[in-house]
Amino acid sequence: MRRHGFVAGFLLLPVLLYVVFVISPYVQAFQIALTDWRGVSAGLDFVGLDNFRRMFGNETFWQAIRNHLVLLVAMPLATVSLALLFAYLLNVAGGSRGGTMTGVKGSGFYRVVFFLPQVLAVAVVGVLFKAVYRPDSSGVINGVLVKLGMEPVGWLTDQRLALWSIIAVMVWQAVGFYVVLFSAGMAAIPKDVFEAASLDGAGRTRMFFSITLPLLWDTVQVGWIYLGIAAFDGFALVNVLSMEQGGPDGATTVLATEIYKNAFSYSRFGYASALGVALFFLTLTFAALTMRVTRRERIVY
Amino acid sequence: MGRKVFGGFSQAVLAVWALLIIAPLIWTLLASFKSNGEIFGDALQLPGELRWDNWARAWERASIGRYLLNTAIVVFFGVAGTMLLSSMAAYVLARFKFPGNRLIYFLFVSGMAFPVFLALVPLFFVVDGLGLLNTHVGLILVYIAYSLPFTVFFLTSFFRGLPDAVAEAAMIDGASYTRTFFQVMLPMAKPAMVSLTIFNVLGQWNQYLLPLVLLPGDKSNWVITQGIADISTIAGYEADWPALFAALSMTVLPVVVAYIVFQRHIQSGLTSGAVK
């Protein structure tokens, strides 16, 4: 009896909080998505799949989906490639010294610096880069370009460039995390594998593709899923950094931004919830697909 | 390719990335001492003098102090609550058999698969319905609730790995279940608790979406991320850019200092989630 009381007592508060603030909103979201609710209790009608029909006919929705696809390919690709390169240079590129592979000089310093952006709030990073990207010579990048005799570039105002500028900031912030993650994986690879390869005359590039990458595949896969899920978010950066929250002219908008705008600017709560449901299924599909596609035979060493 | 050449190439690549990380931060710090004229002039110019009054304006008029204090309060109670409730739930789920155990564990873990944007609209009305909209208490409770899935998941696997003998010995010595947990088992979970505390402090300190939705009203309640984003908008029409950069510096500096001091713990705390 004492035992049951203890179990119940310890679970009561966490489960209560969780059900009220997490489970119940998630369940309600699916219901609200089928209504035309605008926030006043009287105006709630069940409209079936109307919201989804409207969503599929809406140009902004497709614009956001296109942006997610670009994000989904470009952001993880750039982040993982850079992180793998840096981690390799930091751990293995120093060559073998006294029988173990070492990183280049100062690798401790680089590790600290690379990881730093990870601890800064995305919203703060967004404000910071808004100044870095300013369209005239008062922005850091354009200041340099003008000094070199080039025309300043509208990083956030040019429709073709804006999304790429935002992706660059995401990569800037994320790389350090994956450098640390991949470094830990590389450190776990036995040194004699590299030695044997080196004796057989393999160069550093060959070693990377034939040893490091295959043995690190599990970690890379985890990283890819994390980054993919991040590519379905992007809210804070787009909200703070882009022109008119998703502009110019929808060029940088993402589903999260549309959900926020529809709910809290236009009070279209039903429609916003339908967008949320779409986002949920997209994230889920992505995670399931990645798991299937990247599944490899696990290499035991 | 010789070792020297490769080493030089590696150094160059790494140094360029390090510069790309540090340059915007140093530039922000320098800009916090510039005048408006200097900010809109040549970006690469150093400030003519150290204008500390920019910092004073950011602290008082833009109420950065207020925002930082609010954030500290919310994060302190948010993380303390998260750690206490998560460790209690995880301990019971990991070490006690009872009907519904698997279901509750599954409920917690499945929370990690849902994007928070899906819950956003109903969450707003749940918090509003409880009269907690625009209150720190409301934000703290929501932070705790949304930190539970990962923290419970991680701690449960940790508690499962602890040996049975210690808890049994404590019980035989007459300690109650509660006492065994707080005085014997929880101290043994210290490494996991430290990692998760760091993870949650950073996550809650940097949260932007939830405060935006749940504290939309009175500015005196705002947290730092809301404040900074707002100052960025205001700087546009009040033309007080130096104060914006001072505010940014004030926000970033303490985080950078804390990071440098605790960097080993922070790196392992944040990445431990990915290597489960």
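The model is predicted. In chain B, helices H5 and H7 pack with their axes 7 Å apart. A:Ser267 has a positive phi without being a glycine, and B:Asn134 is likewise a non-glycine residue with positive phi.

**Helix packing in chain B**

- Helix H5 of chain B spans residues 101-110, and helix H7 of chain B spans residues 136-160.
- The angle between H5(B) and H7(B) is about 125°; angles from 65 to 115 degrees count as roughly perpendicular and those over 145 as roughly antiparallel, so H5(B) and H7(B) are oblique to each other.
- H5(B) contributes B:Tyr105, B:Phe108 and B:Val109 to the contact.
- On the side of H7(B), the contact residues are B:Leu148, B:Pro149, B:Val152, B:Phe153 and B:Thr156.
- Seven residues of this contact between H5(B) and H7(B) are nonpolar, one is polar and none is charged.

**Loop residue A:Ser267**

- Phi of A:Ser267 is near 55°.
- In chain A, the loop holding A:Ser267 runs between helix H12 (255-264) and helix H13 (269-293).
- A:Ser267 has 14 C-beta neighbours inside 10 Å and therefore counts as partly exposed, a class that lies between 12 or fewer for exposed and 20 or more for buried.

**Loop residue B:Asn134**

- Phi of B:Asn134 is about 65°.
- B:Asn134 sits in the loop of chain B between helix H6 (116-129) and H7; H7 of chain B is also the helix that packs with H5.
- B:Asn134 counts as partly exposed because it has 16 C-beta neighbours inside 10 Å.

Notes:
Residues numbered from 1 in each chain as written. Chains lettered and ligands numbered in written order. Predicted model: local features only at pLDDT ≥ 70, side-chain atom pairs only at ≥ 80, totals over all residues. Axes fitted to C-alpha atoms, helices over the stretch in contact; angles between N-to-C directions. Helix = DSSP H or I, 4+ residues; strand = E, 2+ residues; numbered from the N terminus. Parallel < 35°, antiparallel > 145°, perpendicular 65-115°, else oblique. Contact = placed C-beta atoms within 7 Å. Nonpolar A, V, L, I, M, F, W, Y, C, P; charged D, E, K, R; others polar.
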